[in-house]
Amino acid sequence: MAGLRTGEGILRRKPIEHIEETEAGEDGRLERSLGLWQLTAIGVGGIIGAGIFTLAGTVANGTAGPAVLVSFLVAGVASAAAALSYAEFAGLIPKAGSAYTYGYAVLGELAGWFIGWDLLLEYTAIVAVVAIGISGYFSFLVGEMGADLPAWMLGAPGTGDGHRVDLFAALLCLLTAYLLNLGIKNAARFETVVVILKVLVVLLVIGVGVFHIDTANYNPFFPYGVGGAFTGAATVFFAVFGYDAMSTAAEESKDAQRHMPKAIIYSLVISMVLYVAACLVLTGMQNYKDIDKESGFSTAFKSVGLSGLADIIAVGAIIGILTVMFTFMLGVTRVWFSMSRDGLLPKWFAKTHPTRHVPTRVTWIVGVASAAIAGFLPIGEAAELTNIGILLAFVVVCTAVIVLRYRQPELPRTFRAPWMPVVPAVGVVFSIWLITFLQWQTWARFAVWLALGLVVYFAYSYRSSEMARRGPGEAG
């Protein structure tokens with residue numbers, strides 16, 4: 001008879017063979033309704049967004065020039081190393097929680113707690129940052145239609161004369177929470193439709209733009225040197241990791257062990273192909289020095305006399321970035337749900353809707369929290385909350401997949417990361433390298449959040465977790 005905990009105290013681990021047994025009762029059950037392509041759409045929705053519509057122009061103009069293509073390729077290779085590690089875990093542990101659950105099972109309760117606690121802040125902040133970005137596009141389009149909006153609703157305090165709140169951004173966060181509360185099946189249908197529209201817009205950009213490429217714009221290809229391309233990779237890396245949030249929906253997949261690994265890989269491959277093609281078009285249509293950092297594709301198409309298409313691209317950017325909000329709010333609510341079901345946070349949060357089977361309570365709390373951040377913080381301050389935690393999650397997952405492969409090689413894996421341990425080691429090294437680019441203020445905020453997490457863990461979670469309640473040697 002196997003004990004339900006291995007190790008004691010903060011190092012106790014949830015044995016993988018028993019994770020399936022820890023599902024809560026009917027009031028805490030998630031609905032398994034997502035197929036392979038719905039999962040892939042959620043992943044693509046989380047990856048493609050600001051990377052194409054904003055970051056590509058920003059990096060091309062000021063960091064890498066035409067070599068922004070190399071920046072995306074380098075970031076894609078590094079992200080793929082982590083993606084393959086996520087894929088192995090997703091097939092092995094098809095449960096909600098993603099990096100939190102993987103860390104808990106392999107590295108122990110405290111490591112799992114820190115990653116989960118960290119992702120609660122990171123994902124919520126990403127939702128807010130994306131909402132602020134969409135709000136800027138939306139305000140511009142409303143202004144183009146001749147509407148004169150009051151200044152108080154156009155931005156967070158300190159971002160402009162008379163600004164009191166970014167009302168559009170706050171409402172978008174609440175709208176996303178509402179959509180998620182409709183049930184995962186209905187929400188995923190909406191996400192799939194919007195992702196298809198987004199991909200069609202990107203294909204339109206590529207298909208039309210390729211006929212307006214001037215190869216002279218590719219010379220010089222490395223105007224800022226090879227180092228500029230690698231520096232650009234550190235910037236665009238944050239546009240190629242949406243699959244990690246998608247993996248939190250494993251428990252809502254019809255056949256998670258087979259579909260989750262495929263969906264992770266498919267979403268990254270599809271996104272990288274579109275990123276590379278879009279970068280070639282952007283830097284070929286316009287000299288890198290003239291590319292607009294905020295709306296690169298719109299200005300590029302205007303420069304060749306296609307202003308009408310530029311407006312379509314602006315609308316497509318809004319649609320495209322909206323799906324990122326959906327994916328990351330889905331991610332944070334499932335991490336929170338999983339931590340609460342494990343007893344690390346109050347069980348009250350793990351209660352799901354009786355008919356729609358979604359964690360309604362957590363979803364609305366996240367919706368209101370992200371709306372508050374989006375409404376009252378400038379985008380720069382909100383964005384600084386999103387960087388370090390994702391990279392640390394990558395370090396934990398890539399490390400854990402190496403540890404588990406050697407600790408329990410006999411476990412039935414539906415997908416195995418290739419070239420072990422080189423591939424996950426690349427993910428660890430690249431993530432740590434990117435962390436060195438972060439400013440000290442980011443580390444300070446992160447340290448405060450982790451300190452608060454330590455207080456919560458030892459005051460509540462350590463004694464309340466399901467693993468603590470099961471006595472040593474209790475049968476599985």
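Contact here means heavy atoms within 4.5 Å.

**View 1. Overall fold of the predicted model.** This is a predicted model, where local features need pLDDT of at least 70, side-chain atom pairs count only at pLDDT 80 or more, and totals for chains, interfaces and linings use all residues. Residues are numbered from 1 along each chain as its sequence is written, and side-chain values use heavy atoms, with hydrogens and water left out. The protein has 18 helices and zero strands. Helices (H or I, at least four residues) and strands (E, at least two) are DSSP runs, numbered from the N terminus. Along its principal axes, the C-alpha trace spans about 75 × 50 × 40 Å.

**View 2. The largest nonpolar core.** Such a core is a set of buried Ala, Val, Leu, Ile, Met, Phe, Trp, Tyr and Cys residues joined through side-chain atoms within 4.5 Å. Buried means under 20% relative accessible area (1.4 Å probe, protein chains only). The largest core holds 149 residues, and I52, Y86, F89, Y123, F237 and Y243 touch the most other members. Helix α12 (residues 307-341) gives the most to this core, with 17 residues.

**View 3. Burial and contacts across the chain.** Buried residues make up 58% of the 476 residues. Among contacts between residues at least 6 apart in sequence, 83% join residues at least 24 apart.

Note on methods
Buried means under 20% relative accessible area, exposed over 50%, partly exposed in between (1.4 Å probe, protein chains only).
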